[in-house]
Amino acid sequence: MDVEYDVIVLGTGLKECILSGLLSVNGLKVLHMDRNDYYGGESSSLNLKQLWKRFRGNDEAPESLGSSKEYNVDMIPKFMMANGGLVRVLIHTDVTKYLNFKAVDGSFVYKKGKIYKVPATDVEALKSPLMGLFEKRRTRKFFIYVQDYEENDPKSHEGMDLNKVTARDLISKYGLEDDTIDFIGHSLALHSDDRYLDEPAMHFVKKMKLYAESLARFQGGSPYIYPMYGLGELPQAFARLSAVYGGTYMLNKPECKVEFDQNGKAFGVTSEGETAKCKKVVCDPSYLPDKVQKVGKVARAICIMSHLIPETNDSHSVQVILPQKQLGRKSDMYLFCCSYSHNVAPKGKYIAFVTTEAETDQPEVELKPGVDLLGPVDEIFYETYDRFEPKNNHEDDNCFISTSYDATTHFESTVDDVISMYKKITGK
């Protein structure tokens with residue numbers, strides 16, 4: 001391998017595939033390798049036999065669950081905001097021609113033991129059973145302020161500089177109750193904890209606007225969309241894109257050892273005795289374990305069911321967010337459900353996930369509030385995995401490492417990581 005590449009990407013997880021696609025489009029010479037013989041890394045999609053093999057140690061799934069190949073169970077299930085960062089990346093790179101999307105039916109929030117539709121507009125706020133009469137009016141006023149807010153139009157600012165005023169101060173101006181703040185902050189603005197309250201309100205307001213714009217885009221019951229056949233299609237679509245622009249892909253390459261010179265800078269990757277040279281290495285945490293640190297742990301339950309999630313207006317695909325305060329926790333819990341309507345399971349079957357940032361070593365106990373909302377399940381698998389983030393300085397070693405996937409069931413944090421890595425790699 002005498003060619004020198006601009007970038008060698010290790011691992012075909014979603015983040016790595018988006019990056020190799022973007023870098024190839026940008027004119028860089030990219031070699032993409034993976035030690036596995038399938039695409040997706042941590043974010044792969046499994047059929048029923050593969051699911052059984054991974055969690056039960058054999059591939060003999062019960063026949064009552066239907067055909068194995070009709071299942072596409074995403075290991076990192078996340079919905080996309082119809083107007084969010086990932087969709088902009090998809091459209092920008094034209095990857096949309098390889099994929100087929102469908103709107104997600106419902107977006108819900110949990111309050112005091114019950115599930116409610118997330119109200120996203122002033123009209124919905126007035127109808128929502130989440131709030132009493134006076135609170136509805138206050139919330140409606142706040143929603144109108146957010147809808148009308150334009151960064152470049154001082155008239156819409158009502159005398160507040162959102163780069164200085166905190167989210168807490170902005171909300172207190174409207175006198176909203178704690179439970180209302182809970183659902184707005186966690187299921188509309190999609191913050192995963194309450195730190196945002198003491199940060200400048202601009203980010204919070206922009207995230208609320210993104211939700212409303214995404215909801216309006218497809219006129220569906222939620223602001224989310226999801227690919228037919230699941231997310232396993234995405235890494236492959238970006239892989240095709242990279243190949244169109246001259247990127248080279250190699251699966252099933254054992255070891256993939258990053259080589260460093262005497263100054264500690266990466267200059268290539270060795271596999272099967274051959275070294276490919278490069279200027280930069282991009283990879284997931286598993287390829288450079290001594291350059292990352294553990295920052296947390298995700299607990300999740302994967303369930304196969306024969307019915308919809310109760311109380312979700314017959315939604316075949318749905319997200320339910322359980323805000324941390326409602327459960328007396330430090331982080332939110334997420335429910336994700338998809339079905340045969342997105343071709344991820346045979347007719348009549350539903351795949352549900354319950355995920356959260358683990359706070360104990362007992363996923364069964366910790367995830368119970370979410371699992372209880374599902375009703376009876378045919379099969380359930382529990383798992384925890386560690387979350388890592390890089391601790392290296394890419395300027396010293398030319399290594400750009402992605403962060404592990406978090407517990408959220410939407411893509412916004414994933415896209416933030418990809419865009420920040422892209423800027424570091426290209427300096428753009």
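Guide: A polar contact is a pair of N or O atoms within 3.5 Å; within protein, one must be able to donate a hydrogen and the other to accept it, and residues adjacent in sequence count only if both atoms are side-chain atoms. This is a predicted model, in which local features need pLDDT of at least 70 and side-chain atom pairs count only at pLDDT 80 or more, while totals for chains, interfaces and linings use all residues. Residues are numbered from 1 along each chain as its sequence is written, and side-chain values use heavy atoms, with hydrogens and water left out.

Visitor: Okay, what lies 2.9 Å from the backbone nitrogen of Glu150?
Guide: A polar atom of the side chain of Ser156 lies at that distance from the Glu150 nitrogen.

Visitor: And where is Ser156 found?
Guide: Ser156 sits in the loop between α5 (133-148) and α6 (167-173), where helices (H or I, at least four residues) and strands (E, at least two) are DSSP runs numbered from the N terminus.

Visitor: Is Ser156 buried or exposed?
Guide: Ser156 is buried, its relative accessible area being 10%; buried means under 20%, exposed over 50% and partly exposed in between, using a 1.4 Å probe and protein chains only. Leaving out residues up to four places away in sequence, Ser156 touches Tyr145, Asp148, Tyr149 and Glu150, with contact meaning heavy atoms within 4.5 Å.

Visitor: Switching topic, how many disulfides does a search of the whole structure find?
Guide: The search finds 0 disulfides, a disulfide being a pair of cysteine sulfur atoms within 2.5 Å. Cys17 is in none, and the nearest cysteine sulfur, that of Cys283, is 13 Å away. Cys278 is in no disulfide either, with the sulfur of Cys399 as the nearest one at 8.3 Å.

Visitor: Is Cys278 buried or exposed?
Guide: Cys278 is buried, at a relative accessible area of 3%. Cys278 is also among the residues touched by Val7, a list that includes Leu23, Val30 and Ile425 and leaves out residues up to four places away in sequence.

Visitor: Which strand does Val7 lie in?
Guide: Val7 belongs to strand β1 (residues 4-10), and at 1% relative accessibility Val7 counts as buried. From C-alpha to C-alpha, Val7 and His32 are 8.4 Å apart in space, although 25 residues separate them in sequence.

Visitor: What about open space, how much lies in the largest pocket?
Guide: The largest pocket holds about 1,000 Å³. On a 1 Å grid over the protein atoms alone, a pocket is an open set of points with protein on both sides within 12 Å along at least five of seven lines, a cavity is a set of points where a 1.4 Å probe fits but cannot get out, and lining residues have an atom within 4 Å of a point. Grid points are joined across faces, edges and corners, and a volume is the space filled by probe spheres set on the points.

Visitor: Which element gives the most to the lining of the largest pocket?
Guide: That is α8, with 6 residues.

Visitor: And how many cavities of 30 Å³ or more does the structure hold?
Guide: There are 4 cavities of that size, and the largest cavity has a volume of about 50 Å³. Residues that line the largest cavity include Met75, Pro77, Arg300 and Tyr385.
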